[in-house]
Amino acid sequence: MAANVEMEQLVALCKRRGFVFPASEIYGGINGFWDYGPLGIQLKNNIRDHWWKHMVECPPLGPDGHPLQMVGLDSSIIQNPKTWVASGHVGGFNDPMQTCRQCKKLFRADHVWDMVSDSPWYKSLSETFAEGSTNDAVGLNGEQLMRWAKDKKRGKKLAPGMAVVRNPEVTLSWIAEEIERNPERQYNVLEAVKYLATEQLAATGLVTPCPNCGGDLTEPRMFNLMFESYAGAVQDESSKVYLRPETAQGIFLNYKNIVDTMRVKLPFGIAQVGKAFRNEVTPRNFIFRSREFEQMEMEWFCAPDEARKWYEFWKEERMKWWMSMGISKDNLIFRDHEEDELAHYSKACVDVEYKYPFTSPAFGELEGIAHRGNFDLTQHQEHSKTKLEYFDQETNERFVPHVIEPASGLTRGVLVLLCEAYTPDDTRPSQVYMKFHPRFAPIKAGIFPLVNKEGMPEIAEKLYMEIREKFTCQFDVKQSIGKRYARMDEAGTPYCFTVDGETKENNTVTVRHRDTQAQERINIDQVEKFLADKIAQAE
């Protein structure tokens, strides 16, 4: 369903129904930060608990048919700053950044063209070019572009920083000379906008346009993504600390503690769920890329000669896990990293990618499974002067273990389930319902009296009190039953139980099924078993 979702509609539903709110909204918000409302936190916790159950409490069976060794951890968000020197984050955790000379906004250089193609001014220009063209190849029509540049509803409003808008005569003059030299040349729209964003070719060469205003961008310069803070009363270089940009390093720092206290033997894993912080230059696409997010990471420690085997194992295991959440197979793919994408220490890396509405028909990252070699433990061993070797009693060898890292975004998991669940349906008053897998639905059941009288509220509340400790449910007596069903549809509640006039006569209630809107009657004493069976069947 994801590819057909309009993000604006999904974001509106998330706000309306209490899934996700802009952080600090009453003060105008803060870019890159989000608050998870009552339904959002429940959905997030359901995903987190499912991951924890399947990774730590009941880990998968290994190739030998026996359960894997896995322990959990919750490490500190702030670590000794030497951690980030050893890991390479202080020196190398950088993104190329460009600044618009006109509007002064900052952008990640590797995201600029994706953002340009999503910008209102680009879409407006594309429509303008399409007026006189039957294909993707367009010409640069001076009169047409002059009209667009001076139009208060188009160029002047949407791209005030673009050269063809700021100084149309100069820009179009040199473009005319270019056309005169090569009158038959055609351009695609992305290529054409480089010409329109360039005031004088001889002075600057073709420039990259700003996604916000169309202005010209500076050359890329490196920008460290870590948030800085200070620990203690004195704020100077000696007290500088960082908010962690990933949860993995806390696991590596505790590797020795786990080996010494938990009697684990290779191979084994350490899993963690927690917040991470990256000062993203261009947070975007709702909660897909934000500055504060949660990760579900596991580091699998193994012997060097077994690392490739475990890399392949975890690759397949993690794809199976995402599919267990009710995500369509067609919306998930593997993408192996190219040689030039790999970190210098990485032996291999593959992403589980999802077809998000804003990437469709392409896919975007959901989880990475990386073969990290022994880089991390070796670095921390050298910088901390603490031995982090493992002694294998069977082979009488000492070595630094290799690591396989399945690292996924919990908050991206929330976005994926929201996209996957969003289902337009014109037959419903709500026009849409959220088709969550029952296990992950924030509310498992709605308990309603048909009307707020004749003893129905009392019977419905008694039923609610009986099942609320087993299932997350909601008791609601307000408004018509149709409006209550509509609210539950938008919340993604799979089943609603209604106490009505027949309940006193035969001790039955009406069950409404979310996906089909079909209704049936069951005995009120069977409601708990009904829910348990239905959720179990959906496993």
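**Note on side-chain contacts in the predicted model**

1. Start with Lys240. This residue is buried, at 14% relative accessibility. The value falls under the 20% cut-off for buried. Keep in mind throughout that the model is predicted.

2. What does Lys240 pair with? Its side chain meets that of Glu228 in a salt bridge, 3.6 Å from N to O. Lys240 belongs to strand S8 (residues 240-242) and Glu228 to strand S7 (residues 228-230), so the bridge ties together parts that are 12 residues apart in sequence. Glu228 is partly exposed, at 49% relative accessibility, whereas Lys240 is buried.

3. How many salt bridges are there? The count comes to 34. As background, side chains of opposite charge can pair when their charged atoms come close.

4. Take Lys150 and Glu169 next. Their side chains form a salt bridge of 3.5 Å, N to O. Lys150 lies in helix H7 (residues 142-150) and Glu169 in helix H10 (residues 168-181), so this pair links parts that are 19 residues apart in sequence. Lys150 is partly exposed, with 45% relative accessibility. Glu169 is partly exposed too, with a relative accessible area of 46%.

5. Asp500 and Arg521 also meet in a salt bridge, at 2.9 Å from N to O. Asp500 sits in the loop between strand S21 (495-499) and helix H20 (501-506), and Arg521 is in strand S23 (residues 519-523), so the pair ties together parts that are 21 residues apart in sequence. Is Asp500 buried or exposed? Asp500 is buried, with a relative accessible area of 13%. Arg521 is partly exposed, at 31% relative accessibility.

6. Some bridges share partners. Through them, Arg108, Asp110, Glu280 and Arg289 are joined into one network.

7. Now the rings. The whole structure holds 25 aromatic pairs. One of them is Trp310 with Phe313, an edge-to-face pair with centres 5.3 Å apart and 80° between the planes. Both residues lie in helix H15 (residues 307-323), three residues apart, or about one turn of the helix. Trp310 is buried, at 5% relative accessible area. Phe313 is buried as well, at 15%.

8. Phe313 has another ring partner, Trp314. That pair is edge-to-face, 5.2 Å centre to centre, with 85° between the planes. How buried is Trp314? Its relative accessible area is 0%, so it counts as buried.

9. Elsewhere, Phe252, Tyr255, Phe268 and Phe301 form one aromatic cluster.

10. Rings also meet charges. The charged end of Lys44 sits over the ring of Tyr36, 5.0 Å from the ring centre. The charged end of Arg512 sits over the ring of Tyr485, at 4.6 Å from that centre.

11. Finally, look at His89. The residue is in helix H4 (residues 89-92). His89 is buried, at 7% relative accessibility. Its side chain makes a polar contact of 2.6 Å with the side chain of Ser87. Which residues does His89 touch, leaving out those up to four places away in sequence? They are Trp84, Asn224, Met226, Pro245, Glu246 and Gln249.

Note on methods:
Residues numbered from 1 in each chain as written. Predicted model: local features only at pLDDT ≥ 70, side-chain atom pairs only at ≥ 80, totals over all residues. Heavy atoms only, no water. Helix = DSSP H or I, 4+ residues; strand = E, 2+ residues; numbered from the N terminus. Buried < 20%, exposed > 50% of the residue type's maximum accessible area, 1.4 Å probe, protein only. Polar contact = N/O pair within 3.5 Å; in protein donor to acceptor, adjacent residues only side chain to side chain. Contact = heavy atoms within 4.5 Å. Phe/Tyr/Trp six-rings, centres within 6.5 Å; stacked < 30°, edge-to-face > 60°. Lys NZ or Arg CZ within 6 Å of the ring centre and 35° of its normal. Salt bridge = Lys/Arg side-chain N within 4 Å of Asp/Glu carboxyl O.
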